[in-house]
Amino acid sequence: MKRRKESQFNEYLHHINDDDKNAVKAFFVNFKQHMGLPLGEEKKLRIDLEQALMYYNAVGVPVKEALRRLDNSHLGGFYARPPILYYSLDDAAKIYPISMKHGQMTVFRLSAILKDDIVPALLQIALTFTIKRFPRFATTLKKGFFWHYLDANKQRYAIEKEEHIPCRPIKVSSTGSKSFRVLYYKGRISVEFFHTLTDGRGGLVFLQTLVATYLELMGVPKVSHPSILDIDEVPRLGEDANDFKMTTATKASGFKERKALQMSGSIANIRPTQILHFKMNSGELYRVAKSYDVTVTAYILALLLLASKYATDASEGDISIQLPVDMRKFYPSNTLANFALYAGIRVNIDNITNIEELLPLVKEQLATKTTHEKMSEMAYSAHRMNKGLRFIPLFIKTPVAKLVYGLIGEAIFTTTFSNVGVVKAPHHFKEYIDSFDFVLGPPATNRAATTLITFEDVSTLTITKSTKDPSFEEELYRLLAKDGLEIEIEGSALYEHKSRISRKKHKT
Amino acid sequence: MNIKVVYPAKNIRRDLRRNAIYWAKWPFLLAAVASLTVNIIVKGPAWSAIVLWGLWMVWSFVFTPTLIENNRTSIAVKSSIHTTIMVVIVYLVFPRWPGIEVASMVVGAGLIITATLFFSNISRQKQNVFPLIIFLVIAIIFAGVSLYFRKEETLWWAMIVAISIAVAIFLSTAIILRINFLREIKKRFLLQ
């Protein structure tokens, strides 16, 4: 007689008492009621729940408590209803799918570094519960006649073990492909987003909600906080809005800029070449910035200008830093779509001498270029431009946009500095989370991109490199250390696999 | 600078497509320029148009496939339209054969293949109906115009066949998808 191999879950069922067994069976009957997915997807979700139950059993969580944590009510009607929603892209997002190329896509990554290693079975459940609160993220990118749009996509959204290079392009071409990925590695939970889906702020809301759900599954009591969405709540009005329409400006500003100097060093074929996190004490960083009578953003910008000058062989021209500005600080908005634009901090290389002389220039530019009025004008320009182009079919817009973006694109900036600011999180987060980090995808023309994010007393300055040349980060490190900041450097090894293409094509 | 490595051991996938695009573009450009030059030098029919379109077909299918919505329906539609254009170009260059009628037959065959691929997995493919609709519209216009100008030709029925297939598929799709059909049209024509 052929012996039937018992599944691990059946083994688990045999080891629990009858009451618990009945409770588990009732749980799965109830689970079935919440499902309207194709059978293959439903089976995967069921296996996820089984694995979570087995994990709880292994760590000694009583069955009733495990079932309470995994309560099917968290699935809501999301997986039971057909996918009928769709979302137009916001004004900032429209350029990303149009300008993307093979191997080149605007991806960014937000991570939370937890004190303990991640339990994949529970992270998977956390994602299953969280995604339903973010219907705009549970979508696949589609091509319309005039614009791309996001089309609802009901499926099991799977977590992935981190094994590859960070911020690699996300495959969005096949049926049901998603525009983000959730990764885990040791104690780190990372979410990589295609920028067309959201911006840093929206991404952070998603990550924090995911982490909060994960912690709840780990047994941490639920705490409500404005920066975390309640996964059982219905999405609020305006979360998928294109808030560029809200801008009050009636005057448009241009996007036209002169080309900026680029740092030296060949652009590698494998990008990013390296990710570096400079971890500093946030209080100390604030104190140093205050000692110069500037904000942390202005201080770091000045250092980036100095480091950029150090990293280039050019002697004439401007060094320009792209500074994303969150429009939510000017307009009340709870959108999870993109609502950020940028200002360009531009200084002639001759005027970049030392921090004392540089800071007043940076301060002045920050004061004039990131005002409500200036940013509103830019938002109005973006909105007006998209409105003007709306009747042109996508198959005409795409090649033109590719050409224009290819000609200008990143060339008007030397680098980017994106400061997400202080992560506002529930008080108990600090007991479980060490720090957050924010990684921009590898630039195609610029040699580096930088970000800053602060959680509790850790500020993480991240550099994404597109060249092997270490001048930029070494100078930045030296400048920070000179001001008395203690820096702990974490990061990746050098991602190297240089082919002849990179040596030939990207010579400076 | 001492770096504490906190990322997994590098697992770098060679970007074969990017490398292929980089290396293949030069032979392709060379072939295009060479065929055009030789054609101009030797004069005669513009056969280089066939070469150029052939090169473009290989380039767009093999090296640079669509980055968004590259599914079985859209690939079938793209292949059918490209093949039809090739037939029309061949006919324009060497006109002594019923090229337009053959092109209409290709359209009909393409419609059958696309519809088969679409309906064989309709639960998943229903979100990809738009390329099929576009193809149906193009097919009806193409076959209609061809019929108007070539109704005296022996193979005029090829156009009628193509139109009939297109109308049949259009109606079947609309009936099967019902409200989803209209919803699909609505979202594909978003203006914002």
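Modeller: A residue is called buried if 20 or more other C-beta atoms lie within 10 Å of its own, exposed if 12 or fewer, and partly exposed in between, with C-beta atoms placed from the backbone. By that count, 26% of the 192 residues of chain B are buried. This is a predicted model, in which local features need pLDDT of at least 70 and side-chain atom pairs count only at pLDDT 80 or more, while totals for chains, interfaces and linings use all residues. Residues are numbered from 1 along each chain as its sequence is written, and chains are lettered from A and ligands numbered from 1 in the order in which they are written.

Chain B contains eight helices and one strand; helices (H or I, at least four residues) and strands (E, at least two) are DSSP runs, numbered from the N terminus. In sequence order the pattern is β-α-α-α-α-α-α-α-α. The radius of gyration of chain B, taken over C-alpha atoms, is 22 Å, well over the 16 Å from the globule rule (2.2 Å times the number of residues to the power 0.38), so chain B is more spread out than a compact globule. Its C-alpha trace spans about 80 × 60 × 30 Å along the principal axes.

Now the helix pair. The axes of α1 (residues 16–42) and α2 (residues 48–63) of chain B come within 9 Å and cross at roughly 170 degrees. Axes are lines fitted to C-alpha atoms, for helices over the stretch in contact, and angles run from 0 to 180 degrees between N-to-C directions. That crossing makes α1(B) roughly antiparallel to α2(B), a label for angles over 145 degrees, with under 35 roughly parallel, 65 to 115 roughly perpendicular and the rest oblique. Among the residues that meet are B:Phe28 and B:Leu36 from α1(B), and B:Leu55 and B:Trp59 from α2(B); contact requires C-beta atoms, placed from the backbone, within 7 Å. By class, this contact has 12 nonpolar, three polar and no charged residues. Here Ala, Val, Leu, Ile, Met, Phe, Trp, Tyr, Cys and Pro count as nonpolar, Asp, Glu, Lys and Arg as charged, and the others, Gly among them, as polar.

One residue of the next helix is B:Ile89, found in α3 (residues 72–93) of chain B. B:Ile89 counts as buried, with 20 C-beta neighbours inside 10 Å. Leaving out residues up to four places away in sequence, B:Ile89 touches B:Ala49, B:Ile50 and B:Trp53.

Methods. Contact = placed C-beta atoms within 7 Å.
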